[in-house]
Amino acid sequence: MSKIYDVAIVGGGPAGLSAGLYASRAKMSAIIIEKGKWGGQASTTEELENYPGSVEHPTGPKVTERMKLQAEAFGTECLKDEVIGFDFLEKIKVVKLAKGEIKAKTVIFAAGAQPMLLGAPGEIELRGKGVSYCATCDADFFTELEVVAIGGGDAAVEESIYLTKFAEKVTIVHRRDEFRAAKSIVEKAMQNDKIQVIWNTVVEEIYGDGIVEGIKMKNVQTGEVTDFKTDGVFVFVGTKPITETIKGHVELDAKGYIIADEEMRTSVEGVFAAGDVRVKSLRQVVTACADGAIAAVNAEKYIEKNFEHITLPDAK
Amino acid sequence: MLDVTKDNFEAEVLQTSGAVLVDFWGEKCEPCKALMPEVHKLAEQYGDKLKMCKLNTTENRRLAISQKVLGLPTFIIYKDGEKIKEISGAENCTPESIETLIKEFI
């Protein structure tokens, strides 16, 4: 019989890493499964000014790397593998992996979210050819060139500011007449000479022969379509949850986010959700970490209530 | 894995007969760096059958752009110096998809 963990955590972003930290500190055996990059979306941003305590040039990669080290220091196991499905029918839950499976008394699902596509013609074809969803990954290429950033949330405005460190000019195209982003970020952007904003405008097409050459955009008020030459297009139009593997197992909302209560409990007992993947109003590193901590504490409570204080058979 | 730069790209990739895989990565590209150990494993496994190189785009920006690479991570297969196939973006570039790409050309 293989080892039965107290907690199996799906996703190695801030929510999962915090859950691991709290679980391990509570002397529970915890394993985090991550298929891609540790640190999640936070590891792809340079700017992390709003995470308390992360002062003096913190970066997403640096802070999340420390989160991982911290969880590991308390005993959390970190496994690189891909989750392909679940079995929640028995009391001991099974997380099915590409290379095996993991058994656990509780599961914390913290797979996060990923950037949403714009859905404009040319976007898919020109991905990696000037269309990007990751400013830190690709900003270098646009040194002294001109780029467009699409969106109006925190990510769009914040990443546009980051892009000005490389690009000559950054044009933010936003479908509304004001930003959703936090006021302090907007203020900073408005004071930046390299940033200009085109309001009430949607991007209808991205075009170029092999690499991005420009966009066609439409003013939603006048209906006027204009051509705009640019070297790069950065898309920051929101995120979508990564819930394909857990769909059908727990309750999701219409957009695919997991419905969990304040204690992070999902519709299945012993299965918790944390971070960007659940229905919530503010998706930030700080709220993801909070979710992770709450989920771990409630996982512990659930185990105490539902499992006898005997050690389950171990493979050792 | 062979490091290619602006100085040897022509000889090692464009003038090489047969297939060559190039891993375009960057110093600030976290997904690229997360993939790197997996790519090295693949290079150990398939390196004798397929020539595999990596290119640091942070240090060779113009070269990357000349190859129409403006996004990371990107993996390109060249055959007799011609670009044959490529995959790009963090979601599309996984150890599995890279292995599939390699297998197609060995």
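In the open sheet of three strands in chain A, what is the order of the strands, and is their pairing parallel or antiparallel?

Modeller: Happy to. A word on the basis before that: this is a predicted model, in which local features need pLDDT of at least 70 and side-chain atom pairs count only at pLDDT 80 or more, while totals for chains, interfaces and linings use all residues. Residues are numbered from 1 along each chain as its sequence is written, and chains are lettered from A and ligands numbered from 1 in the order in which they are written.

Now your sheet. Its order is β12-β13-β14 of chain A, and the pairing is antiparallel. Strands here are DSSP runs of E with at least two residues, helices are runs of H or I with at least four, and both are numbered from the N terminus; two strands pair if DSSP finds at least two bridges between them. At the edges are β12 (201-207) and β14 (225-229) of chain A, each pairing on one side only. On average, neighbouring strands of the sheet are turned by 30 degrees against each other, direction ignored (axes are lines fitted to C-alpha atoms, for helices over the stretch in contact, with angles from 0 to 180 degrees between N-to-C directions). Five bridges connect β13 (residues 214-219) of chain A with β14(A) in the antiparallel sense, and A:Met217 has A:Thr226 in β14(A) as its bridge partner.

Next, β11 (residues 195-198) of chain A. Buried means 20 or more other C-beta atoms within 10 Å of the residue's own, exposed means 12 or fewer, and partly exposed lies in between, with C-beta atoms placed from the backbone. Strand β10 (residues 169-173) of chain A runs parallel to β11(A), joined by four bridges, and A:Thr171 stands opposite A:Gln196. From β10(A) the chain passes through helix α5 (residues 183-190) to β11(A) in a right-handed β-α-β crossover: with the strands pointing away from the viewer, the path over the helix runs clockwise.

Elsewhere in chain A, A:Pro115 sits in strand β7 (residues 113-115). A:Pro115 counts as buried because 21 other C-beta atoms lie within 10 Å. Leaving out residues up to four places away in sequence, A:Pro115 touches A:Tyr133, A:Val235 and A:Thr239, where contact means C-beta atoms, placed from the backbone, within 7 Å. A:Gly40 is 75 residues from A:Pro115 in sequence and 12 Å away in space, C-alpha to C-alpha.

Some backbone details also deserve a look. Most residues other than glycine have a negative phi, and most peptide bonds are trans. A:Lys27, however, has a positive phi, near 65 degrees, and lies in the loop between α1 (14-25) and β2 (30-34) of chain A. With 11 C-beta neighbours inside 10 Å, A:Lys27 is exposed. In chain B, B:Lys68 also has a positive phi, near 60 degrees, in the loop between α3 and β4; B:Lys68 has 19 such neighbours and is therefore partly exposed. B:Pro73 is found in the loop between α3 and β4 (74-79) of chain B, and the peptide bond from B:Leu72 to B:Pro73 is cis, with omega near -15 degrees.

Key:
Contact = placed C-beta atoms within 7 Å.
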